[in-house]
Amino acid sequence: MVNQKQLIRSKAPLRISFAGGGTDVPPYCDERGGAVLNSTIDRFAYCTISPRSDKKINVRSLDLGMMEKWWANGDMFHYDGNLDLIKAVLNHFDVEQGFDMFLHCDAPPGSGLGSSSTVIVSIIGAMAEWLREPLSQYDIANLAYVLEREELGLAGGKQDQYAAVFGGFNFMEFSHSRAIVTPLRVKANILNELHYSLLLGNTGKTRESSGIIASQVDGYRRKEGMVVEALDNTKRLAIETKDALLRGNIRAIGELLNESWEHKKNFTSKISNERIDRIYDTAMSNGAIGGKISGAGGGGFMFFICEYDRKHIVADKLTELGVEIVNYNFDKYGLQTWRYSDALSHRE
């Protein structure tokens with residue numbers, strides 16, 4: 001006998017934050033407004049839902065090496081640190097039918113590529129597709145932010161959720177009451193040159209961003225002059241970097257990245273460390289024009305704009321320091337969901 005097994009899938013892209021990261025974190029963005037320039041890349045978080053005919057819920061996270069078994073019995077799922085992102089989504093949608101869920105992501109937690117936010121976007125996307133919920137891009141991104149940051153209390157900003165949903169190059173503005181995502185129409189020759197000049201590497205050290213962000217937020221709340229000034233300058237540089245991108249001035253982008261990195265280190269002393277400083281200085285002394293960490297700081301992925309004829313030298317020198325150079329492409333599609341019927345043959 002052949003049965004058709006229905007599969008609902010989603011994938012959402014990870015992102016590189018070029019400029020403005022940190023200004024999307026409340027209360028700064030609520031009080032002074034935040035601005036961020038980012039792009040998604042061809043690294044993804046995936047979610048598969050296979051509906052069941054009973055009330056059993058089986059969840060498997062490949063990245064965390066975890067498998068949980070629950071029941072869709074109408075009770076709220078309690079947060080205990082185990083797969084809480086999934087529980088928050090299930091509580092929101094009030095799922096009454098059993099299903100199997102399979103999750104995996106192309107980057108680990110703490111990568112600096114927005115992986116945790118991208119994972120929850122992929123879960124919401126698959127769940128909305130399954131339940132045929134008519135959610136807009138803004139609805140999905142805002143729901144992901146509310147569940148992750150407010151419901152679960154996980155520290156962080158707003159850009160990751162919106163980047164994963166919208167995809168592509170976007171200039172984002174955040175305030176207390178709203179988010180505005182402006183897709184950038186960047187010419188193909190500019191994108192090709194940017195990609196040719198940009199080197200992406202994994203430092204090999206993941207980090208817990210919550211402590212770094214908490215330190216940044218504490219400094220801002222106490223209105224430390226250095227922190228407030230650094231955030232204001234970071235927002236200004238997001239606008240200047242966006243303008244440089246649209247003009248196709250790749251060298252200027254590199255120089256602005258370098259300036260952004262200097263300001264970012266003033267958010268909190270936890271942003272950088274001896275290893276990161278060594279990686280950055282090595283890149284700059286061998287042909288990089290500028291670069292930064294893609295995320296809160298402390299580790300994860302870094303990227304550099306390099307002189308085109310010295311990019312390979314920078315790559316070799318960073319490899320000697322234990323940095324894994326990563327091949328990538330820019331992704332323009334954002335969150336995607338689809339349905340698929342898989343024919344399963346079995347003996348009764």
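Let me start with a definition: Ala, Val, Leu, Ile, Met, Phe, Trp, Tyr, Cys and Pro count as nonpolar, Asp, Glu, Lys and Arg as charged, and the others, Gly among them, as polar.

Now the model. It is predicted, so local features need pLDDT of at least 70, side-chain atom pairs count only at pLDDT 80 or more, and totals for chains, interfaces and linings use all residues. Residues are numbered from 1 along each chain as its sequence is written, and side-chain values use heavy atoms, with hydrogens and water left out.

Domains come next. The protein is divided into domain 1 (6-185 + 332-341) and domain 2 (188-325). Those bounds come from an automatic or database domain assignment. The C-alpha centres of the two lie 25 Å apart. 33 residues of domain 1 are in contact with 34 residues of domain 2; contact means heavy atoms within 4.5 Å.

On to the packing. A nonpolar core is a set of buried Ala, Val, Leu, Ile, Met, Phe, Trp, Tyr and Cys residues joined through side-chain atoms within 4.5 Å. Buried means under 20% relative accessible area (1.4 Å probe, protein chains only). The largest such core has 81 residues, and Met101, Met127 and Leu194 touch the most other members. Helix H3 (residues 115-131) gives the most to this core, eight residues. Helices here are DSSP runs of H or I, at least four residues, numbered from the N terminus. Both domain 1 and domain 2 supply at least three residues each to this core.

Take Met101. Beyond its neighbours within four places in sequence, Met101 is in contact with residues including Cys47, Ile49, Ile86, Ile123 and Met127. Apart from this core lies another, of 29 residues, among them Tyr28, Ala288, Met302 and Leu321.

Finally, the cavities. On a 1 Å grid over the protein atoms alone, a cavity is a set of points where a 1.4 Å probe fits but cannot get out; lining residues have an atom within 4 Å of a point. Grid points are joined across faces, edges and corners, and a volume is the space filled by probe spheres set on the points. How many cavities of 30 Å³ or more are there? Three.

Ala19, Gly20, Gly21, Thr234, Ser260, Lys264 and Lys292 line the second largest cavity: one nonpolar, four polar and two charged. Domain 1 and domain 2 each give at least three residues to this lining.

Key. On a 1 Å grid over the protein atoms alone, a cavity is a set of points where a 1.4 Å probe fits but cannot get out, and a pocket is an open set with protein on both sides within 12 Å along at least five of seven lines; lining residues have an atom within 4 Å of a point. Buried means under 20% relative accessible area, exposed over 50%, partly exposed in between (1.4 Å probe, protein chains only). Helices (H or I, at least four residues) and strands (E, at least two) are DSSP runs, numbered from the N terminus.
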